[in-house]
Amino acid sequence: MFVVATQNESSTYKIESYNHEEIKIDQNQSTAMASTQGQDVVLCQLCPNLVEHHCNLCHVDLCSPCTLKHLADKTNRHEIVEFINRKKGPVLPECDTHKKNRCEMYCRECYKPTCALCVTTSHKKHDITDIGEIIENKKQQIIADLTELENVIVTKYRNFTPAFSSAEFDKAITAIQDQEDKICKVARDIGRQLREEVTEQKRISELKNKEMQSLALETEKEINKIIQNNKGVIKAYDAMTVMSYKSRNGEFRDGMKESALSCPNFVPVLFKENQILDMFGKLQLQYSNVSDKQQSVLQLMESPVSLKEIQSPHRNKSELWRITCEGTGKLWSFLTGDLEDSVIQ
């Protein structure tokens, strides 16, 4: 409903609507609109004054001065009535086709509110019902949803707890660290044993080398004496001295004899990362739907557990090298032996 406010000489405001109905507003009116008990005073929503009027379209409680301010807003349509005569139901939507009309009906075929004129024109012969029924049904649906949200759904979120706690992940991390420490300890023990073995061989070799060096030094001194003696024989005038000469070069011609010791040479074995991973262990992930039943993270197994024995189709003619489980009920294995290498499922 369109309204226009004008002021006359008696300080009375006249509200004119499109159907020319008049509502008298006394600016000096001071009657308070209160509840039937006379104690819960209703105040203007725009100021502390007592309420006197109400805008049905904006759903705003107003005093007389604020009523004029409210009407000054030309961006919206207004319908001013006395507070006791206010509409308590929902504000019906305006018709898209007939702007002055409110949609009091609802078209079930077009799924949209309609006014009385639309029922006889664009929505003629459609399934039309009272919009109040639709609103009431929606309210009942909202009430049902609200009840479910408050009593059922919200509790699921309020009582939510993670399916897996941080402590369970920490257990897996600790298990991995323990496995790493065990493998590293084995590797360190092997390395220590090899180092000790090489160190012992080095010690023996150094002792033997000292003995050989000492022997070589003594032999060299003896050879030097022979050299000096041979030089003296050459210069001798006595024929018998020269004729009695016996050569000792054969004793020293081969030099020092090689020792029976050998120097170790470490040859590292080439390995691939997946080989270490197979030896180390693998993570088995457990997926969980969030539920009240708590589940735990699978830990790395310290030792395998035999669940079932499966007889190879090749019996004992082949050796089983690798085996892989692919989901439930499917198994791949790699065999080798007297028969050609083969993969079976």
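# Loops, sheets and rings

Trainee: Where is His123 found?
Mentor: Keep in mind as you look that this is a predicted model. Helix H2 covers 116-119 and strand S9 covers 128-130. His123 is found in the loop between H2 and S9.

Trainee: S7, S8 and S9 keep coming up. In what order do the 3 strands form an open sheet?
Mentor: Strands of a sheet pair through backbone hydrogen bonds, either parallel or antiparallel. Here the pairing is antiparallel. The order is S8-S7-S9.

Trainee: Which strands stand at the edges there?
Mentor: Look for strands with a single partner strand, so that one side is left without a neighbour in the sheet. Neighbouring strands of this sheet are turned by 40° against each other on average, direction ignored. The edge strands are S8 and S9.

Trainee: Which residue in S9 does Met105 stand opposite?
Mentor: S7 and S9 pair in the antiparallel sense over 3 bridges. Follow Met105 across to S9 and you land on Asp130.

Trainee: At about what angle does helix H3 run to S9?
Mentor: Helix H3 takes in residues 131-158. This helix lies across S7, S8 and S9. Against S9, H3 runs at about 70°.

Trainee: Let's move to the open sheet with S4 in it. Which strands stand at the edges of this one?
Mentor: The sheet has 3 strands in the order S5-S4-S6, with antiparallel pairing. An edge strand has a single partner strand, so one of its sides is left without a neighbour in the sheet. On average, neighbouring strands here are turned by 30° against each other, direction ignored. The edge strands are S5 (60-62) and S6 (80-82).

Trainee: Which residue in S5 is the bridge partner of His54?
Mentor: Strand S4 spans residues 53-55 and pairs with S5 in the antiparallel sense over 3 bridges. Look across from His54 into S5 and the partner is Asp61.

Trainee: Which helix packs on the sheet, touching S4, S5 and S6?
Mentor: Look for a helix over residues 64-71. Its direction makes about 130° with that of S5. That helix is H1.

Trainee: Now the rings. How are the rings of Phe164 and Phe169 arranged as a pair?
Mentor: A pair of aromatic rings is described by the distance of the centres and the angle of the planes. The count of aromatic pairs comes to 1. The centres of Phe164 and Phe169 are 6.4 Å apart and the planes stand at 90°, and over 60 degrees is the cut-off here. So the pair is edge-to-face.

Trainee: Which residue lies over the face of Phe83?
Mentor: Look 4.0 Å from the ring centre of Phe83. The residue over that face is Arg86.

Trainee: Last one: by how many Å are the C-alpha atoms of Leu283 and Ile176 separated?
Mentor: Leu283 has its place in the loop between helix H7 (273-280) and strand S10 (318-325), and at 58% relative accessibility it counts as exposed. Along the chain, Leu283 and Ile176 are 107 residues apart. Their C-alpha atoms are separated by 9.2 Å.

Notes: Residues numbered from 1 in each chain as written. Predicted model: local features only at pLDDT ≥ 70, side-chain atom pairs only at ≥ 80, totals over all residues. Heavy atoms only, no water. Pairing = 2+ DSSP bridges. Helix = DSSP H or I, 4+ residues; strand = E, 2+ residues; numbered from the N terminus. Axes fitted to C-alpha atoms, helices over the stretch in contact; angles between N-to-C directions. Contact = heavy atoms within 4.5 Å. Buried < 20%, exposed > 50% of the residue type's maximum accessible area, 1.4 Å probe, protein only. Phe/Tyr/Trp six-rings, centres within 6.5 Å; stacked < 30°, edge-to-face > 60°. Lys NZ or Arg CZ within 6 Å of the ring centre and 35° of its normal.
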